[in-house]
Amino acid sequence: MNKQASKNQSEENRSLNEYSPAQELINNLPYIVMAVFGAAVFVLGFENLAWRWIGAGAYLIYAVAGALWIMVFVCPYCSYWNTRACPCGYGRIAVRFRDKQSGDCFNEKFKKHIPVIVPLWFIPVIVGLLLIIRSFSWLLLAVLIVFAIDAFIILPLYSKKHGCKQCPQRDECPWMAGKSSSA
Ligand code: SF4
């Protein structure tokens, strides 16, 4: 993207809410909590030391790679690209990877790439439940419940009520479809 186009993009978004680095960090907390508690399921659930750290490490790497994937394949199509209006800060980091792309394909790109990170929500639940069935542990159950509350309730609620509420693309976004009027 050339400098003029980047400037125009920033001006278009001037009226939107802007987030400080501290707010961006706070907005990332539900995802960070999901990654940490998802990894904790492996650490607490497996008896074999090697499997504990291989599982937890692989899950954490997947969580970081998933965020990078969104920055590379979704954010360049978003109106918040290269602005402080992106609630989680991905839009500004995404500038380092790719130029701005046409916002007309945002819906298509969102639908295509979001499934890449969806297993992050389900892997700890499936693995955790299997481990609990095999060898019950109150601590593992507690970690699994916290994971589920964060991943399936807090994280999506936070996104819809906080960041997505002001997004200029909310009407086309599959995540917000039919919810923008109630958000
Ligand atoms: S709002 Fe979402 S899609 Fe848009 S730049 Fe931020 S993280 Fe990327």
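Gly-66, Trp-69, Ile-70 and Phe-73 in helix H3 meet Lys-109, His-113, Val-116 and Ile-117 in helix H5. Sort the residues of this contact by class and you get five nonpolar, two polar and one charged. Keep in mind that you're looking at a predicted model.

| Helix pair | Axes come within | Crossing angle |
|---|---|---|
| H3 and H5 (residues 106-117) | 9 Å | roughly 170 degrees |
| H2 (residues 21-45) and H6 (residues 119-134) | 9 Å | roughly 20 degrees |

Let's start with the pair from the opening. The axes of H3 and H5 cross at roughly 170 degrees. Angles over 145 degrees count as roughly antiparallel, so H3 is roughly antiparallel to H5.

Now for the other pair. The axes of H2 and H6 cross at roughly 20 degrees. Angles under 35 degrees count as roughly parallel, so that's the label H2 and H6 get. The crossing of H2 past H6 is left-handed. On the H2 side, the contact is made by Gly-38, Val-41, Phe-42 and Gly-45, while H6 brings Leu-120, Pro-124, Val-127, Gly-128 and Leu-131. Which classes turn up in this contact? There are six nonpolar residues, three polar ones and no charged ones.

**Around the ligand**

Which residues sit around the ligand? They are Val-74, Cys-75, Cys-78, Tyr-80, Trp-81, Cys-86, Cys-88, Tyr-90 and Gly-91. By class, this shell has eight nonpolar residues, one polar residue and no charged ones.

**A residue with a positive phi**

Most residues other than glycine have a negative phi. Asn-82 does something else: its phi is positive, near 60 degrees. Where is Asn-82? Look in the loop between helix H3 (49-73) and helix H4 (90-93). Is Asn-82 buried or exposed? There are 23 other C-beta atoms within 10 Å of Asn-82, and 20 or more is the cut-off for buried, so Asn-82 is buried.

**The whole chain**

Zooming out, how many helices and strands are there? The chain has seven helices and zero strands, and along the sequence that reads α-α-α-α-α-α-α. Of the 183 residues in the chain, 25% are buried. Asn-82 is one of the buried residues. As for contacts with a separation of 6 or more, 65% of them in this chain are between residues 24 or more positions apart.

Conventions: Residues are numbered from 1 along each chain as its sequence is written. This is a predicted model: local features need pLDDT of at least 70, side-chain atom pairs count only at pLDDT 80 or more; totals for chains, interfaces and linings use all residues. A residue is near a molecule or strand if its C-beta atom, placed from the backbone, lies within 6 Å of it. Ala, Val, Leu, Ile, Met, Phe, Trp, Tyr, Cys and Pro count as nonpolar, Asp, Glu, Lys and Arg as charged, and the others, Gly among them, as polar. Helices (H or I, at least four residues) and strands (E, at least two) are DSSP runs, numbered from the N terminus. A residue is buried if 20 or more other C-beta atoms lie within 10 Å of its own, exposed if 12 or fewer, and partly exposed in between; C-beta atoms are placed from the backbone. Axes are lines fitted to C-alpha atoms, for helices over the stretch in contact, and angles run from 0 to 180 degrees between N-to-C directions. Angles under 35 degrees count as roughly parallel, over 145 as roughly antiparallel, 65 to 115 as roughly perpendicular and the rest as oblique. A crossing is left-handed if the near helix is turned anticlockwise from the far one by less than a right angle, and right-handed if clockwise. Two residues are in contact if their C-beta atoms, placed from the backbone, lie within 7 Å.
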